[in-house]
Each structure stands twice: as C-alpha cells, then as structure tokens.
Amino acid sequence: MQELARQIDRLNIAIGRSMSWVLFGLVLTQFAVVILRYVFGIGFLWAQESVIYLHAFLFLLAAGYVLAIDAHVRVDVLYRNAPVRKKALVDGLGAILFVIPTCILVFEQSWPYVARSWQVLEGSAEASGIPAVFLLKTGILLFAVLTGLQGLALMIRAGSSFFALSRAT
C-alpha cells in the first residue's frame, strides 16, 4: 500500500511541477494581452480566453500536488501542536470524510456535463474564441481524479502512521 501512495505522490508532484510552466505561460500571455491592448490598441479574444484556460488548468491540476506537498489551506490552531498519532488520525479522517467523498461527488456530478461537451465538441461562444471548451471542462474530471487519488495516498500514509505508532506504544 505504501508503494501505491508513493506512486500517487510521484504522479501529482510531476503534474504539479509541470504546472509551474503553465503559470509561466499564464503570466506571459496575460502580459502580452495587456501590452497589445493598452500599448497597441489591439486585442485577440483567443488570447484572452487562453488566460482563462491556463488559470483553470493551473488550479484544477495543481490541487492534488498541493495536497501531496501539504501546502493546502488548513485551520492549524490545534493540528500544529498535536502529537504525530493525532495528526495521522486527523489526516486520515479528513481524507475519508471530506477529500475522497467530495472528489467522488464532483466526478459524478460533472461527468454528464463533460460528456455532453465532448459529444458536441463544445467550443467558445465567441466566433474567434478557443474551440475547445470540452478540454477545459475535462479539467474538472482530472481535478476530481488527481485530488481523490492524493486523498487515497493521504489516507494510506495516515493509516500506516496511526497504526505503526499504536503498535509502538
């Protein structure tokens, strides 16, 4: 089970690191859009939409990475000073009660939405927009899968820590 957790970590960390390039592309694209609009007085709708796509993919695909490196938002008042066993219990229960069910719900509810988008190869509502809204919506499913897998890895590690410390005491 530990090997499965390590493989999930590796996957999400690799994807998360690749998202730094998406962030770089996002910054460059937004900079170009601003310069083109305010310096040269021209604009491209596809460039403005690409900022939205890059921003969405950055957040959707990096969520599992953030959970993998323990950089997610947490109310840390009690957790910070808790013993390792209690932290493992909180992490495990958090994954079982919140992360995994939320990811399952997001996947279940978004599947028909994304499937319909793929059926019609949904594109931008604007004529010169990006004709790939179906790809953007696919990011929702990827978010649910990657974050759910990371929740599973968190649960495995928490369970191992909790029970290993139980046997040691």
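A salt bridge is taken here as a side-chain nitrogen of Lys or Arg within 4 Å of a carboxyl oxygen of Asp or Glu. The structure is a predicted model, in which local features need pLDDT of at least 70 and side-chain atom pairs count only at pLDDT 80 or more, while totals for chains, interfaces and linings use all residues. Residues are numbered from 1 along each chain as its sequence is written, and side-chain values use heavy atoms, with hydrogens and water left out.

By this criterion the structure holds 4 salt bridges. One of them joins the side chains of Lys137 and Glu122, with an N to O distance of 2.6 Å. Lys137 lies in helix α4 and Glu122 in the loop between α3 and α4, so the pair ties together parts that are 15 residues apart in sequence. Helices are DSSP runs (H or I, at least four residues) numbered from the N terminus. Lys137 is buried, with a relative accessible area of 11%, whereas Glu122 is partly exposed at 25%. Buried denotes under 20% relative accessible area, exposed over 50%, and partly exposed the range in between (1.4 Å probe, protein chains only).

A salt bridge is also formed by Arg157 and Asp9, whose closest N and O atoms are 2.8 Å apart. Arg157 belongs to helix α4 and Asp9 to helix α1 (residues 2–38), so this pair ties together parts that are 148 residues apart in sequence. Arg157 counts as partly exposed at 26% relative accessibility; Asp9 is buried, with a relative accessible area of 14%.

Glu3, Arg6 and Arg10 are linked in a network of salt bridges. Glu3 is partly exposed at 38% relative accessibility, and Arg10 is partly exposed at 44%.

Ala132 is placed in the loop between α3 (84–119) and α4 (133–168). At 11% relative accessibility, Ala132 counts as buried. Leaving aside neighbours within four places in sequence, Ala132 is in contact (heavy atoms within 4.5 Å) with Tyr53, Glu122 and Gly123. Thr138 lies in helix α4 and is buried, with a relative accessible area of 19%. Residues up to four places away in sequence not being counted, Thr138 touches Val114 and Trp118.

Helix α2 (residues 45–68) includes Trp46. The helix has 24 residues and reaches 35 Å from its first C-alpha to its last, close to the 34 Å expected at 1.5 Å a residue; the expected span is 1.5 Å times one less than the number of residues. A kink of about 45° in α2 is centred on Ala62, the bend at a residue being the angle between axes fitted to the seven residues ending there and the seven starting there. Just after α2, Asp70 takes a positive phi of about 60°.

Trp46 is partly exposed, at 47% relative accessibility. Together with Val39, Phe40, Ile42 and Phe44, Trp46 forms a nonpolar surface patch with about 530 Å² of accessible area in total. Patches are made of residues with over 30% relative accessible area and no salt bridge, like charges being joined within 9 Å and nonpolar side chains (Val, Leu, Ile, Met, Phe, Trp, Tyr) within 5 Å. Accessible areas come from the Shrake-Rupley method with a 1.4 Å probe, and for residues only the protein chains shown count as cover.

Key
Helices (H or I, at least four residues) and strands (E, at least two) are DSSP runs, numbered from the N terminus.
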